Number of protein chains: 4
Amino acid sequence: MIITLAPEAELQRVRAELTRLGLWVDSVERAPTGPVHVLVGRGSTAVCVAEVQRIAGVQSVSTPETKHPLVDGHGPELRLGDLLVSTRRPLLIAGPCAVESESQIERIAAKLARVGVLALRGGAFKPRTSPYEFQGAGKQALSWLRAAADAHGMKVVTEVMSEADTALVAEHADVLQVGSRNMQNFALLKAVGASAKPVLLKRSMSATIDEWLHAAEYLLSHGASGVAFCERGIRGFDGSTRNLLDLGAVALLAEVHRLPVLVDPSHASGRRDLILPLSRAALAAGAAGLMIEAHDEPEAALSDGAQALTPQALAPLAREVNERRRRDSGARSALAQEGIA
Amino acid sequence: MIITLAPEAELQRVRAELTRLGLWVDSVERAPTGPVHVLVGRGSTAVCVAEVQRIAGVQSVSTPETKHPLVDGHGPELRLGDLLVSTRRPLLIAGPCAVESESQIERIAAKLARVGVLALRGGAFKPRTSPYEFQGAGKQALSWLRAAADAHGMKVVTEVMSEADTALVAEHADVLQVGSRNMQNFALLKAVGASAKPVLLKRSMSATIDEWLHAAEYLLSHGASGVAFCERGIRGFDGSTRNLLDLGAVALLAEVHRLPVLVDPSHASGRRDLILPLSRAALAAGAAGLMIEAHDEPEAALSDGAQALTPQALAPLAREVNERRRRDSGARSALAQEGIA
Amino acid sequence: MIITLAPEAELQRVRAELTRLGLWVDSVERAPTGPVHVLVGRGSTAVCVAEVQRIAGVQSVSTPETKHPLVDGHGPELRLGDLLVSTRRPLLIAGPCAVESESQIERIAAKLARVGVLALRGGAFKPRTSPYEFQGAGKQALSWLRAAADAHGMKVVTEVMSEADTALVAEHADVLQVGSRNMQNFALLKAVGASAKPVLLKRSMSATIDEWLHAAEYLLSHGASGVAFCERGIRGFDGSTRNLLDLGAVALLAEVHRLPVLVDPSHASGRRDLILPLSRAALAAGAAGLMIEAHDEPEAALSDGAQALTPQALAPLAREVNERRRRDSGARSALAQEGIA
Amino acid sequence: MIITLAPEAELQRVRAELTRLGLWVDSVERAPTGPVHVLVGRGSTAVCVAEVQRIAGVQSVSTPETKHPLVDGHGPELRLGDLLVSTRRPLLIAGPCAVESESQIERIAAKLARVGVLALRGGAFKPRTSPYEFQGAGKQALSWLRAAADAHGMKVVTEVMSEADTALVAEHADVLQVGSRNMQNFALLKAVGASAKPVLLKRSMSATIDEWLHAAEYLLSHGASGVAFCERGIRGFDGSTRNLLDLGAVALLAEVHRLPVLVDPSHASGRRDLILPLSRAALAAGAAGLMIEAHDEPEAALSDGAQALTPQALAPLAREVNERRRRDSGARSALAQEGIA
């Protein structure tokens, strides 16, 4: 935002008024002749331009055009069929890192449904750092996942890693997940958008907010029916947690951009002992949901078992999340439709 | 942690058991002759060595000696005279960035006390990026701050920036704050420790957890009566918030190291519109308190007014924090001694 | 590396010997019973295990198995037909950000060839942050690029962004470039590897060295004939340069891993005034080449013109690079085969 | 820089001209009524305002006032008595991490002088992460260091860590070093500045360029006779090097800000095997010198021996540096005065 002062303006007074509104001054710029401009810092509280305009001494207030109009118009909710997802109605998504067999996913789905989890995650195609690690059970895993979810009235969230698989994944999933390593895989974003499904867009390891919003704009401009963002930890410099959970970004998306943003505390911390406190912190920061790795036999998991919680350990969190949903719906009847109560 | 396997051990089974405990394997290392070693990753769940020892096939479990024994023995509480500070009894510290005049700090203290704030902050000496910015009102401000706090039964938290001022600050403050830019100013840490007071140790912009713990070890080994850590945001790459709040570190200190850690959401975000959600997130993550910039006339503040909240805006948060304290104390009488009820 | 000490070892002496070799001790770990282990830090000088073994008091030296055997066996050279690329024979790749028209690329190729540039770059498919920006001229641009290069005896380096386009790009290019946003797009890495061509693998914004090596392992294990790495700046926190050029990583790959690594100073700095000094710094650090954006009419470029150099401005650098190649070949005749002299 | 367009201006043409000059457009901002502003990105090539003014359609060009006038007026050289230090006359500073005894420093100084090192470094006061590590030999070490340097006609560079020691260090040293952990220890900066000596100001782990320049402004505004900056690696996320050497910042300071900036490749990499290539890269990027840890018996060093080079290993680099100095002086006679030839 560039604020141009009138010739008679008193700079000190204008600065005081900007401070009152919560705006930081990045710089005051002058031309040899011509007016004084005040450049407002990006990290300022969001305020209405009209409020700035009203300050005595302000001649004009210039703002940039948005570069992601569809994201700006998206709104704070994601609709998944009969389920509404928002800060006030957070969604708990849980399931194993990878779908390994028909019986494994069915067993875990049953246990998760029992504690109140409404959406099932599980990877059919796994992004693995090494080519020699388990790459997922592939296409068959999609059917197992769908069947397990259907058996328990759950939604399916699963990752798509290849343009070539997009149609197939879209057939089986309620939400297509784009992984953090593919956040700027533009060919994939276009294909996923074209499937016209809701998308869970993970933030890449070092994406700025702006890059993240632009990635969502790719999805929406190619046809996605909705986008939920997912913060999963960015690259940090301290190995005591796997990644660095950026809840400031979550609060920013939820409170300022008014967009639905979920948090994946499993990948963010990598530590079982931090997942519950960080889940609660995420909800307090405005998260519209959580995506958590859960396995009933972590020791048998083919990937990431060390960070998986058991369905049992998840139960209290599931209760809290559903309590919020219930409170928001204001009536048990609404929740009944969603299949819990 | 290095786990040495017995000759007959089955590596796959041991790995599964480690996974069950929430431990990541960083590498498996072998010598041409000699046993197989499993190196456990630092970012693993904290577990008891005896549990690892019990796994079939494990010959021995080696762990490093601690390098910060005093910090390890500190415990999760900070005692400030009659006030106890811990995750279960969080403390809200509030006040202006800088103490500017006797009347300013008295007026703000009165308003903050009225909404239930128990500790008053305010800078007499200000660390400013530029030598030409307001450097604080200096020594006289310490007396004003003390008097204002005393008038309303509040504790005083204030920063000390110079070895030369340490004794004077220690005379006036209940808690000496070491700022993030001085976290590894070892001369200052020694002087502050020697004052034998409780210390609030802010994390430096890019300190690892280990460096932070070592800085606290300097304080304790030189005589500090206690240390509370304070996360205030680390250096991030996205200007939409001033800094990057690392609540994973807060959860780690609170849950794993069992140390008192506060959060300064004002500096972490720099944005008035994110302070309340991030405050609640911090408490959910395990914070033992919050330090928040508050000013009754932000537009008149000589520094950082754009991120200051009014006492009024803080009131709901103060209520929540005090409700937690009350719940923990289990009896109104305890709280009455602290001067709220 | 885990060094296990003999019962009679003197720890201080062993530490001194490790220091002499340039090894850092991360921790000394002990089990209640059993030997003392010394864990050597990853950021140590690379030394031969046998040297460590010879230290008095060392019982055994354990090392992890490599996880990227094909990368380890790759060697410091990349062969592009008749051109050899290595630290001693660096390659200058230059060309416009995007191939915009047949005449544009032909004109620029002619000018670059005249100043001694041996390889032509230019994007047919462009990764753009926003879906509303120019996405490249697509398939036709590949033919234009090939024709322009052939007319002047140059090699072609161009980016492939989609699995679906891989075969077509492989038909037209001598080197397939994988962009930084796709470094861990594993579906693409597999497709590109399968084309059996040499690949230029850009480092992603916040990839660790290990992740980068693993991405190359994907390429090689799926058939790539060779890999050259390309450092293009990682995510930094200071906006005065676009990205943060990590020449330490370049030196590490060149000197320790003995792999061919190029540098893209255009994207790393984003500033025309820093490209030449950083290019020379890259060569001094061990780079096997440079990839630089060049345009004869930067003001007419559809993308990234602000960071493009003119062919003229590149001339001195081209001379220096070719002088190195010539020196290494030891005879003009060798260079004559490559089409310069 | 804010460029305000005239009513008749064609935005596309102005953008093209800005691109031609190497300027990036951050945003185009508009008020409902009033002119269009173009905000130029900070990471652009530095250009003369008059050139921008000349573009057709530009009404006015506004720029911020500098906040560090003394740094801006400093110039690219540092004078150390009879020695001039600049990009064209780089200085090699070498010596042990810590001064441990009179004989140790005398022996090392002799060996370094013999290979052509003109300035001796060595710590009397050592900043150590842990309070239980060797903290330096203290005041006596200053005399040993001075005597050793004098015996061989060398300059002395040493760190000051405490306001209380500043006068004493200033008495013994030719250049006062402010360590990276104290870059924003403002009390120390004021004291060091007041000593009226030349200062070597290390960059803190995650300082922006702007913060670094401001720290130098503290020094100069309090009386320092000159400042040389020293890049020693910033906090990185990959443990294969100790820190992340930012040669982009070096090039920026040298080429754009025209300030003397040295590089410490020892701390930047922590690895003996990368010090020489990174030293040469630093010089190519525009460094005005190098500060390197050297020890004749690394295994006996009380600190940081693993990254120390022997005087012998430094000899080729010393030759190269002195060759540059010689070339610049244009005459052996000038160098003779400095005591080498």
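## Cavities and the interface of chains C and D

The count comes to 16 cavities of 30 Å³ or more, a cavity being a set of points, on a 1 Å grid over the protein atoms alone, where a 1.4 Å probe fits but cannot get out. The model is predicted, so local features need pLDDT of at least 70 and side-chain atom pairs count only at pLDDT 80 or more, while totals for chains, interfaces and linings use all residues. Residues are numbered from 1 along each chain as its sequence is written, chains are lettered from A in the order in which they are written, and side-chain values use heavy atoms, with hydrogens and water left out.

The table sets out two of these cavities. Grid points are joined across faces, edges and corners, and a volume is the space filled by probe spheres set on the points. Lining residues have an atom within 4 Å of a point.

| Cavity | Volume | Lining |
|---|---|---|
| Largest | about 340 Å³ | 25 residues |

In the largest cavity, A:R235, A:F237, B:R235, C:R235 and D:R235 lie nearest the centre. Its lining holds 13 nonpolar, 8 polar and 4 charged residues. Here Ala, Val, Leu, Ile, Met, Phe, Trp, Tyr, Cys and Pro count as nonpolar, Asp, Glu, Lys and Arg as charged, and the others, Gly among them, as polar. The lining of the second largest cavity divides into 6 nonpolar, 9 polar and 6 charged residues.

The report now turns to chains C and D. Contact (heavy atoms within 4.5 Å) joins 50 residues of chain C to 50 residues of chain D. Between them the two chains bury about 4300 Å², 62% of it on carbon and sulfur atoms; buried area is the accessible area (1.4 Å probe) that two parts lose on being put together, summed over both. C:W24, C:F237 and C:E299 supply 16% of the area that chain C buries against chain D, more than any other three residues.

Chain C and chain D share 2 salt bridges, each a side-chain nitrogen of Lys or Arg within 4 Å of a carboxyl oxygen of Asp or Glu. The side chains of C:R42 and D:D238 meet in a salt bridge, at 3.9 Å from N to O.

Notes
On a 1 Å grid over the protein atoms alone, a cavity is a set of points where a 1.4 Å probe fits but cannot get out, and a pocket is an open set with protein on both sides within 12 Å along at least five of seven lines; lining residues have an atom within 4 Å of a point.
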